[in-house]
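Biologist: Hi! Could you walk me through this model while I have it open?

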Amino acid sequence: MPSTGFNPENLKGHVPDEVIAQIPSVAAITNALRLAHFLAQCAHESGGFKVVYENLNYSADGLKATFPKYFPEPLNESYARNPAKIGARVYADRMGNGDEASGDGYTFRGRGYIQLTGKSNYANFGKAVNEDTVASPDLVATRYPLASAGFFFDSDNIWTVCDGGSTDAVITAVTKKVNGGTNGLAERTQLFKEYYALLS
């Protein structure tokens, strides 16, 4: 069994103080192993705990490359550099969002350290923290960036993958659950090892 006697304060200087302060809000973090996996993924996904809003400010070429299904030419030109219009289109009619005209796709764009996305996810997360995050979606970015990431780990049952250990294979498995692939695996692995050594 992984050690449960861990002290998040050991991460000072390696993880921002405001992140350390939020760790108790994630109830499923019961040992050093889970915390190291979780923070490594959050740190990578948020550019070192700096990014809490999804950046949808794409150029016409960026739209064509990233979302070819939604922005065939010449449509990509009319949406370029308009994050509100881009979000409304890309996330329309899914994850509980209304159609493109509703603007839900932009309103409920990714927020938090692991981007919580979609109206239904915001509603479910709001119930978990007893806040109306549908009426006030920015709370996910400002008050709950770590708790929303914990909610994602809960919802996708990622904690049990974390419990598999500290091997590269487990880090890869956690990364696939978070990212859908292995993008940034080298950095995620390095961060996990750094955090786990500090906590163990």
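Modeller: Happy to, and one term before we start: buried means under 20% relative accessible area, exposed over 50%, and partly exposed in between (1.4 Å probe, protein chains only). By that rule Gly150 counts as buried, because its relative accessibility is 1%.

Biologist: Before we go on, what should I know about the model itself?

Modeller: This is a predicted model, where local features need pLDDT of at least 70, side-chain atom pairs count only at pLDDT 80 or more, and totals for chains, interfaces and linings use all residues. Residues are numbered from 1 along each chain as its sequence is written, and side-chain values use heavy atoms, with hydrogens and water left out.

Biologist: Thanks. Which helix does Gly150 lie in, and what does it touch?

Modeller: Gly150 lies in helix α9; helices (H or I, at least four residues) and strands (E, at least two) are DSSP runs, numbered from the N terminus. Not counting residues up to four places away in sequence, Gly150 touches Val26, Phe38 and Trp159, where contact means heavy atoms within 4.5 Å. The C-alpha atoms of Gly150 and Phe125 are separated by 10.0 Å, with the two residues 25 apart along the chain.

Biologist: How do α7 and α9 cross?

Modeller: The axes of α7 (residues 119–129) and α9 come within 11 Å and cross at roughly 105 degrees. That makes α7 roughly perpendicular to α9. Axes here are lines fitted to C-alpha atoms, for helices over the stretch in contact, with angles from 0 to 180 degrees between N-to-C directions. Angles under 35 degrees count as roughly parallel, over 145 as roughly antiparallel, 65 to 115 as roughly perpendicular and the rest as oblique.

Biologist: Which residues make that contact?

Modeller: From α7 they are Asn121, Asn124, Phe125 and Ala128, and from α9 they are Ala147, Ser148 and Phe151.

Biologist: Now the largest nonpolar core. Which members touch the most others?

Modeller: Of its 38 residues, Leu11, Phe38, Leu39, Phe49, Leu146, Phe153 and Tyr195 touch the most other members. Such a core is a set of buried Ala, Val, Leu, Ile, Met, Phe, Trp, Tyr and Cys residues joined through side-chain atoms within 4.5 Å. Helices that each supply at least two residues include α1 (17–22), α2 (32–45), α9 (145–155) and α12 (185–199). The most comes from α2, with nine residues.

Biologist: What is Leu146 in contact with?

Modeller: Leaving aside neighbours within four places in sequence, the contacts of Leu146 are Val19, Gln22, Ile23, Val26, Phe38, Leu39, Cys42 and Tyr113.

Biologist: What about the backbone, where is the cis peptide bond?

Modeller: The bond from Glu73 to Pro74 is cis, with omega near 0 degrees. Pro74 lies in the loop between α3 and α4.

Biologist: Which phi value does Phe49 have?

Modeller: Phi of Phe49 is near 65 degrees, a positive value in a residue other than glycine. Phe49 sits in the loop between α2 and α3 and is buried at 8% relative accessible area. Asp93 has a positive phi too, near 60 degrees, but Asp93 is exposed, at 57%.
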